[in-house]
Amino acid sequence: MSESVKHCIFCDLINGAGEVSICYEDSSAIAFMDIQPVNLGHVLVVPREHFESLSDIPPELAMHLFEVALRLSPVVRRLHGAEDMNLVVNSGAAAGQNVFHYHVHLIPRRADDGFDIPLPFEGSTMPDRTLLDAMAVRIIAELRDPVRRQIASRLAAVGA
Ligand code: AMP
Ligand code: ZN
């Protein structure tokens, strides 16, 4: 656990130190009911090991959690009588993460439930196509060049 995380509520739950309603378990993942659900049936899929966010979770584990969420999705949808689902990851404080133990929200949705992830973003206007193209090209270049990617992430880590 990182130095900045003094105490983790999800680690407590995983270690049996708090009330939790578990609906799925395996050797690396656990899923339990959110205590403040958007709708009843709102599940959190969580790694047993503590990782904070998308920036430190191993990709294979993140894939596994997504797989677990996909397995749970039709079951939750059927039991809740939900019309649709949101799969949501809030990664980092600026992205709305409140519990800094990585998790995937599986949220059963009804049309009139009042919850919303308002996309497209209302305040946004379409950037010039050249900007969109330039960003796409930069992403492609980074994906093709692992060394450049490592340097970029090291620079980002030191805030350069
Ligand atoms: P996030 O904002 O993505 O970090 O979401 C954290 C989620 O964890 C919220 O939906 C909370 O309702 C949920 N939560 C916080 N504490 C508990 C707990 N003890 N048991 C179950 N869910 C929790
Ligand atoms: Zn934790």
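Where does Glu83 lie? Hold on to that question for a moment, everyone.

First, some ground rules. This is a predicted model, where local features need pLDDT of at least 70, side-chain atom pairs count only at pLDDT 80 or more, and totals for chains, interfaces and linings use all residues. Residues are numbered from 1 along each chain as its sequence is written, while chains are lettered from A and ligands numbered from 1 in the order in which they are written.

Now the overall picture. The protein chain has four helices and five strands. Here helices (H or I, at least four residues) and strands (E, at least two) are DSSP runs, numbered from the N terminus. Along the sequence they follow the pattern α-β-β-β-α-β-β-α-α. The chain is split into domain 1 (9-109) and domain 2 (126-160), with bounds from an automatic or database domain assignment. Taken over C-alpha atoms, the centres of these two domains are 30 Å apart.

Let's look at the sheet. It is open, with five antiparallel strands in the order β1-β2-β3-β5-β4; two strands pair if DSSP finds at least two bridges between them. At the edges sit β1 (22-25) and β4 (84-88), each pairing on one side only. From one strand to the next, the twist averages 15°. Helix α2 (residues 59-80) packs on the sheet and touches β1, β2 (29-33), β3 (43-47), β4 and β5, its direction making about 20° with that of β5. Those angles run from 0 to 180 degrees between N-to-C directions, with axes as lines fitted to C-alpha atoms, for helices over the stretch in contact.

Back to my opening question: Glu83 is in the loop between α2 and β4. Is Glu83 buried or exposed? It counts as exposed, because it has 12 C-beta neighbours inside 10 Å. The cut-offs are 20 or more other C-beta atoms within 10 Å for buried, 12 or fewer for exposed, and partly exposed in between, with C-beta atoms placed from the backbone.

Which residues does Glu83 contact, leaving aside neighbours within four places in sequence? They are Arg109, Arg110 and Ala111, where contact means C-beta atoms, placed from the backbone, within 7 Å. Arg109 also stands in β5, opposite Asp84. Five bridges join β4 to β5 (residues 104-109).

Finally, the ligand. Ile35, Gln36, Asn90, Asn98 and Val99 come nearest among the 13 residues around ligand 1, where near means a C-beta atom, placed from the backbone, within 6 Å.

Definitions and conventions:
Two residues are in contact if their C-beta atoms, placed from the backbone, lie within 7 Å.
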